[in-house]
Amino acid sequence: MVIERLIAGFKSFRETYYEEQPNFYQSLVEKGQRPDVMVIACSDSRVNPSIIAKAEPGELFIVRNVANLVPPYEPDNRRHGTSAAIEFAVRDLKVEHIIVLGHSHCGGIQFLCEGHKDGEDREFIDGWMSIAEQPHDNNLQGEALHRHVEREAVKISLNNLMSFPWVKKQVGDRRLKLHGWLFDLEAGELLAHEVGKGWNTLTGYSAKT
Ligand SMILES: [Zn+2]
């Protein structure tokens with residue numbers, strides 16, 4: 001049933017972007033994509049950047065991974081999917097903004113804080129999540145700790161972005177701006193982090209912080 005629903009969804013998408021606007025994709029094909037914004041988001045099914053920002057096709061260049069993490073700059077010929085996407089966005093597409101979009105109730109962050117429920121290590125998740133490992137205030141536990149680590153992980157990713165020399169250069173030249181955002185699933189709120197000001201709402205709705 002779910003597959004049929006997706007195919008029906010594509011038909012509706014086709015009506016909007018091909019039948020009602022016949023030039024829409026034609027132009028995107030002829031001129032190529034020119035997104036101004038890259039989003040680094042979690043693979044979590046509830047946190048689709050295009051849906052939550054109501055973006056149009058062609059607007060957002062997106063990489064999604066477990067816990068929306070950016071690894072440090074490690075040009076070692078290994079298979080760095082996220083770093084490759086960042087490189088393409090910055091050096092080829094020349095995006096003007098990179099948004100690291102964290103979210104509350106992140107499964108990856110929960111793994112990092114609590115380990116795996118079945119007690120077994122994971123072959124890929126554990127190494128990947130180690131990007132967000134750092135010492136935390138021992139007073140925090142459970143959900144409060146998760147909410148804290150979710151926010152800290154966004155800041156780690158922003159710092160790691162600056163370890164890529166061409167990101168650092170573009171930021172220094174003011175041709176690229178980095179943003180740390182967080183989608184609070186429960187409150188339906190979008191927060192942004194600013195150095196010195198902490199996390200604040202972008203929309204005016206109140207959020208549990
Ligand atoms: Zn997540």
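View 1. Taken over C-alpha atoms, the centres of domain 1 and domain 2 are 29 Å apart. Their bounds, from an automatic or database domain assignment, are 1–32 for domain 1 and 33–201 for domain 2. Four is the number to look for here: 4 residues from domain 1 and 4 residues from domain 2 make the contact, where contact means C-beta atoms, placed from the backbone, within 7 Å. This is a predicted model, so local features need pLDDT of at least 70 and side-chain atom pairs count only at pLDDT 80 or more, while totals for chains, interfaces and linings use all residues. Residues are numbered from 1 along each chain as its sequence is written.

**View 2. The largest nonpolar core.** Here you can find 40 residues, with Ile40 and Ala67 having the most contacts inside the core. Such a core joins buried Ala, Val, Leu, Ile, Met, Phe, Trp, Tyr and Cys residues through C-beta atoms within 7 Å; buried means 20 or more other C-beta atoms within 10 Å of a residue's own, C-beta atoms being placed from the backbone. Strand E1 (37–42) gives the largest share, 6 residues. Strands are DSSP runs of E with at least two residues, and helices are runs of H or I with at least four, numbered from the N terminus.

**View 3. Around Ile40.** Beyond its neighbours within four places in sequence, Ile40 contacts Val63, Asn68, Val70, Ile98, Val100, Leu101 and Ser157.

**View 4. Helix H5 (107–114) and its buried face**. Gly108, Ile109, Leu112 and Cys113 are the buried residues of H5. Seen down the helix axis, they fall within an arc of 135°, so they line one face; the arc uses directions from the axis to the C-beta atoms. They pack against E1, helix H6 (125–129) and H7.

Technical notes:
Buried ≥ 20, exposed ≤ 12 C-beta atoms within 10 Å, placed from the backbone. Contact = placed C-beta atoms within 7 Å.
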